[in-house]
Amino acid sequence: MNTNFLSKEDVLEAIARNEPLADCDLSCIDLSGSDLEGGSFERVCLKGANLSGCSLARTSFSDCDMAGANLSHIRLEGTFFSDMRLAGADLSHVDFERVAMNGCDFSGASFASARMHSCAMQNCDARNARFDKASLFRSSFLNTKLGADFAQCDLSHVFATDCDLNGIILKGAKLYKTALISSSLPGYDFSGATMEYVQFTFSDLHGASFKDAHLKGVNFLKAKLVQADFGSARCTECLFAEADMTGCNMENGVFSSCMFMKACLASARLTHADMSDSLCTETDFRKCQAGQARFFRSDLSHADMREGFFAGADFSSSRFFRVLTQDSFMDNASFSNAITRDKERERSEDWPSLPDADQQ
């Protein structure tokens, strides 16, 4: 059907006949409570339309303008949105199930208290949108602008990669097995947050605050954490491998059973920090301030502690194998039962490597 203006009856008849609606003007139309399942809308103007309470399962929308439309309390299942304009739309209390959204403008839209499960949002703009008290369980976001309000939102199992998170609000949000990969959150305030198995792999978190936070199994692999604040944080089984933590504040923090392999903690502040049972092989501690720090049972093999301050630190029962300590200050440090020699490991590491075949 190709016409300029249609009534509610025309729309429902077209859908009943499985006829696509294209190039028509339905602005400000009232379709509230209607059954629009299986419909197809292409290049339709629905600005300011009222679709509240509609059933839109298996409905497709392409290149439509729904700016300011009311879609509250609707049900979307298997619905596809492509190149849609939904700026300022009301999507509160919407039930999204397996909905795909590509190239859509959701800026300023409201998803408050919506249920968005197993959905995908790609190449979209959701800046200044509201997701407060929404549930986004197992949804994914790719290359999307997510500078939105996620206060008290359930972000369990959410996967977001290459997203612009500038301006995002996560106060009170549930972060459980949430993946924020290659994301940019410089200076973000996570102080006091509780996170379990969250992934910040390859993310930019320089200057971010995790002060007093409780973190378990959080993955910071190769993350940028320069000047980040972990003061008095409680971190268990977290991964900081190859992360840049230059100048970090970790004073009075607990980092038990964490992995810092090849991480850079140069000039970090570790006074009274507890890094017991952690893996710190080849970790850079140069010029650290680590007075009274605890490294009980930690593996510090090949760590670089040159020019650091470790007065009164506890290295008891640690693996202190081939650690560089030139010009470091270690007065009153404890090395009780520390392993400083490992003959088998020395022989293995010093064994001459065989030449490559092309060099023979």
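**Exercises on a predicted chain**

Phe 285 is in contact (heavy atoms within 4.5 Å) with Leu 265, Leu 270, Met 275, Cys 280, Phe 295, Leu 300, Ala 303, Asp 304, Met 305 and Phe 310, leaving aside its neighbours within four places in sequence. The model is predicted: local features need pLDDT of at least 70, side-chain atom pairs count only at pLDDT 80 or more, and totals for chains, interfaces and linings use all residues. Residues are numbered from 1 along each chain as its sequence is written, and side-chain values use heavy atoms, without hydrogens and water.

**Exercise 1.** State which residues touch the most other members of the largest nonpolar core.

*Solution.* Start with the term: a nonpolar core is a set of buried Ala, Val, Leu, Ile, Met, Phe, Trp, Tyr and Cys residues joined through side-chain atoms within 4.5 Å. Buried means under 20% relative accessible area, with a 1.4 Å probe and protein chains only. The largest core has 112 residues, and Phe 210, Leu 225, Phe 230 and Phe 285 touch the most other members. Helix α1 (residues 8-16) gives the most to this core, three residues.

**Exercise 2.** Compare the radius of gyration of the chain with that of a compact globule.

*Solution.* The radius is taken over C-alpha atoms, and the globule rule is 2.2 Å times the number of residues to the power 0.38. For 360 residues the rule gives a value near 21 Å, while the chain has 27 Å. Next, take the spans of the C-alpha trace along its principal axes: about 85 × 55 × 25 Å.

**Exercise 3.** Find the share of contacts between residues 24 or more positions apart.

*Solution.* Count contacts with a separation of 6 or more; residues 24 or more positions apart account for 2% of these.

Methods. Buried < 20%, exposed > 50% of the residue type's maximum accessible area, 1.4 Å probe, protein only. Helix = DSSP H or I, 4+ residues; strand = E, 2+ residues; numbered from the N terminus.
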